[in-house]
Amino acid sequence: MRALLIPLALAGFCQAAQAGDISSAYTDLDWKKDCVTYAQAAEGDGDWASLVCSGYRGYPVLVGYDDARESVYYGFPSDDMTAVWESFTAFNGSGPKVEWRIETNGDIAIPFAAIHRRSVSNPEDEKKSIEVLVVAKVAQPEEHQGCTIGLVLATGNAQANDLARKLADEKAKTFTCGKDKREVIGDVPPFGRVDN
């Protein structure tokens, strides 16, 4: 029996060694410094804009702003960005830092998930916002599949960052956008596709 356990243990070790190391990297998101506006409303045509921002090592961050709501997309999009608009129904804005979850194999480091704090207006108290961590699948150059895979209530939740990382690490790589259901942790404000 003992002779059988040693090869099994070695096989498990080899499988673990093949999986890449996962770590975090952080990038800034400042509309004035890190982004370029590539489309915006003409005068009298509402309040909207589309921006492309620098992300992790050439991976872009696309921000769609419309009527005080933001939709943020991480990675390489397909041609139709209107199909990936996701936001909170309440007014909201994104935080100044993006956490990228990165898998490293040798010299290759690939960001597979992004965690980004959002401030959402609180309908019960306009002076206080609700903080939510949005966990997203990062769209790769060859796949163009990016979407929100989970939402973690951060207000009053000391474990929010750890929960968001766990969710990213366990689900982002295998999540199928448009098919799989996103996970929600805590009493998060309504979120989804919003047609303004």
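Which residues form a nonpolar patch on the surface, and with about how much accessible area together? The patch consists of Val 36, Tyr 38 and Val 52, which together have about 270 Å² of accessible area. Patches are made of residues with over 30% relative accessible area and no salt bridge, where like charges are joined within 9 Å and nonpolar side chains (Val, Leu, Ile, Met, Phe, Trp, Tyr) within 5 Å. A salt bridge is a side-chain nitrogen of Lys or Arg within 4 Å of a carboxyl oxygen of Asp or Glu. Accessible areas come from the Shrake-Rupley method with a 1.4 Å probe, and for residues only the protein chains shown count as cover.

The model is predicted: local features need pLDDT of at least 70 and side-chain atom pairs count only at pLDDT 80 or more, whereas totals for chains, interfaces and linings use all residues. Residues are numbered from 1 along each chain as its sequence is written, and side-chain values use heavy atoms, with hydrogens and water left out.

**Strands and loop**

At 47% relative accessibility, Tyr 38 counts as partly exposed; buried means under 20% relative accessible area, exposed over 50%, and partly exposed in between (1.4 Å probe, protein chains only). Gly 46 lies in the loop between β2 and β3 and is exposed, with a relative accessible area of 59%. The C-alpha atoms of Gly 46 and Asp 66 are separated by 8.2 Å, although the two are 20 residues apart along the chain.

Strand β7 (residues 92-105) pairs with strand β1 (residues 21-28) in the antiparallel sense over eight bridges; two strands pair if DSSP finds at least two bridges between them. Thr 104 in β7 is the bridge partner of Asp 21. Strand β8 (residues 108-121) runs antiparallel to β7 and is joined to it by 11 bridges, and Ala 113 in β8 stands opposite Arg 101. The hairpin of β7 and β8 has two residues between the strands, and Gly 106 takes a positive phi near 65° there.

**Disulfides**

The count comes to two disulfides, a disulfide being a pair of cysteine sulfur atoms within 2.5 Å. With bonded cysteines counted along the chain, they follow the pattern 1-2, 3-4.

| Pair | Sulfur separation |
|---|---|
| Cys 35 and Cys 53 | 2.1 Å |
| Cys 147 and Cys 177 | 2.1 Å |

The torsion about the S-S bond of Cys 35 and Cys 53 is about 105°, so this disulfide is right-handed. The pair links distant parts of the chain, with Cys 35 in strand β2 (residues 35-40) and Cys 53 in strand β3 (residues 48-53), 18 residues apart. Cys 35 is buried at a relative accessible area of 12%, and Cys 53 is buried at 3%.

The link of Cys 147 and Cys 177 is left-handed, with -85° about the S-S bond. Cys 147 belongs to strand β10 (residues 147-153), and Cys 177 to the loop between α3 (160-171) and β11 (183-185), 30 residues apart. Cys 147 counts as buried at 11% relative accessibility, as does Cys 177 at 18%.

**Aromatic pairs**

Five aromatic pairs are counted. Rings of Phe, Tyr and Trp (its six-membered ring) pair if their centres lie within 6.5 Å; planes under 30 degrees apart count as stacked, over 60 as edge-to-face and the rest as tilted. The rings of Trp 31 and Tyr 65 have centres 5.7 Å apart and planes at 85°, so the pair is edge-to-face. Ring pairs also link Tyr 56, Tyr 74 and Trp 100 into a cluster.

Terms used
Helix = DSSP H or I, 4+ residues; strand = E, 2+ residues; numbered from the N terminus.
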